[in-house]
Amino acid sequence: MEASVESLLCQGPPWGEGEGWGPEWPREQAYLHSLAAQYQVEQYQDSYNLMTAAPDSHLLHQVTAGPYAFPVDPSLRRATDTTAVQLSEMVSLPVLMKHSVTAPLLTHVFLVNKAIVDYYFMELNVERHCEALRHFLLMEDGEFAQSLSDLLFEKLGSGQTPGELLNPLVLNSILNKSLQYSLHGDSQLAANLTFALRFLPESFHPHAPDALACLELRYKVDWPLNIVITDSCMNKYNRIFSFLLQLKHMVWTLRDVWFHLKRAALVKGAGSSVQFRQLQLYRHEMQHFVKVIQGYIANQILHVTWSEFRTKLGSAANLDDIHRTHADYLNRAIFRGLLTEKAAPVMNIIHSIFSLILKFRAQLISQPWSSQQGAAEHPSFGVMQQSYRTFKYYSHFLFKVVTKLVNRGYQPHLEDFLLRINFNSYYQDS
């Protein structure tokens, strides 16, 4: 029934040359004959006796046998020959599990972990969220931090009550204005920011550096991103944010002191007063201390800790590594920011110094300058001088405490703080 290729090629044309077959017919036939000589037509299998044969231990024999199989070295013993199958019965169960179950399972675990890591980095953009938290909650964005602190402390310094300042309308207005000045305020992630109140205080203490400790800056994190950026992580972010807000409060306070002194020099003619020059020196020393703390925090948290976090995050192999790396990053930031329980004595000294700075400003603006015998004098100069002496005592005491901690090898990152605050050997010489 079936005709071979050769028999078909040997037949002549069904029509004559004049009926559509030209003189090229012999050449085409010769070409087809040459092709038939080069290739052997594969015959379909028409015998199924293999199904009734006994089982063969050479499981790959049917695959590797035949004219189209890969060449096999006859000196190599197959893993599926009879001897190998018999020896497999003598191998212990743990070894069999290791080669047949554990190895494929580990391979699949590796592939799944890689897919999860790629999903968090490429689809969820976890690194961009960490950068947004650094920009806003850690105040790396200077324009945003400056605008936010100025708007908050101008209202706080004007004597507004908690009910007037800490209401959604005012807080949302402050946040929106700050984002307009921000370098990253136009990003989609900035829409995740909202203010929240931990509690509503009855009043603001005028000399409390943590007067706005009730205020939190929340960042909305959806699932499954909240597996990495958990509620515990957000609480740690807000602990750092609260301390940075206190630093901004001190910066604003000393700048306001400078404005009042400048106004007194222009309006009251206090520029040539001895008391005026003394108050400027007091303000300058307080400002130096605050800038040292601010520079230390910015260097250790915004740069050193962040650089370490980026390096370790790039080598994360699974979701647990991402979560652990982010948690370690925040723990190191809190540790270097002196916000741990062990660093509480040092932080208490810093808070006392901050309270003295607020007290210094309150004493300055409590009464206007007066002219005594042609020289401008401030009625509260004596108590302001006492506040400065207390500030000087606390700052020198802090220098001694930090020096002892560094000498004992505790918290070596404090060497950066010592270098900044004692750069010209002021505290050491005095």
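Me: At what angle do helix H11 and helix H12 pack?

Reply: This is a predicted model, in which local features need pLDDT of at least 70, side-chain atom pairs count only at pLDDT 80 or more, and totals for chains, interfaces and linings use all residues. Residues are numbered from 1 along each chain as its sequence is written, and side-chain values use heavy atoms, leaving out hydrogens and water. Helices are DSSP runs of H or I with at least four residues, numbered from the N terminus. The axes of H11 (residues 274-313) and H12 (residues 319-336), lines fitted to C-alpha atoms over the stretch in contact, lie 10 Å apart, and the packing angle is about 160°.

Me: How is H11 oriented relative to H12?

Reply: Angles run from 0 to 180 degrees between N-to-C directions, and those over 145 count as roughly antiparallel. The angle of about 160° therefore makes H11, relative to H12, roughly antiparallel.

Me: Which residues of H12 meet H11?

Reply: Contact means heavy atoms within 4.5 Å. From H11, the residues taking part include Tyr296, Trp306 and Phe309. Their partners in H12 are Ile322, Thr325, His326, Tyr329, Arg332, Ala333 and Arg336.

Me: How many disulfides does the structure hold?

Reply: A disulfide is a pair of cysteine sulfur atoms within 2.5 Å. The sulfur of Cys130 has its closest cysteine sulfur in Cys233, at 8.9 Å, which is too far for a bond. The number of disulfides in the structure is zero.

Me: Is Cys130 buried or exposed?

Reply: Buried means under 20% relative accessible area and exposed over 50%, with partly exposed in between (1.4 Å probe, protein chains only). Because its relative accessibility is 2%, Cys130 counts as buried.

Notes:
Helices (H or I, at least four residues) and strands (E, at least two) are DSSP runs, numbered from the N terminus. Angles under 35 degrees count as roughly parallel, over 145 as roughly antiparallel, 65 to 115 as roughly perpendicular and the rest as oblique.
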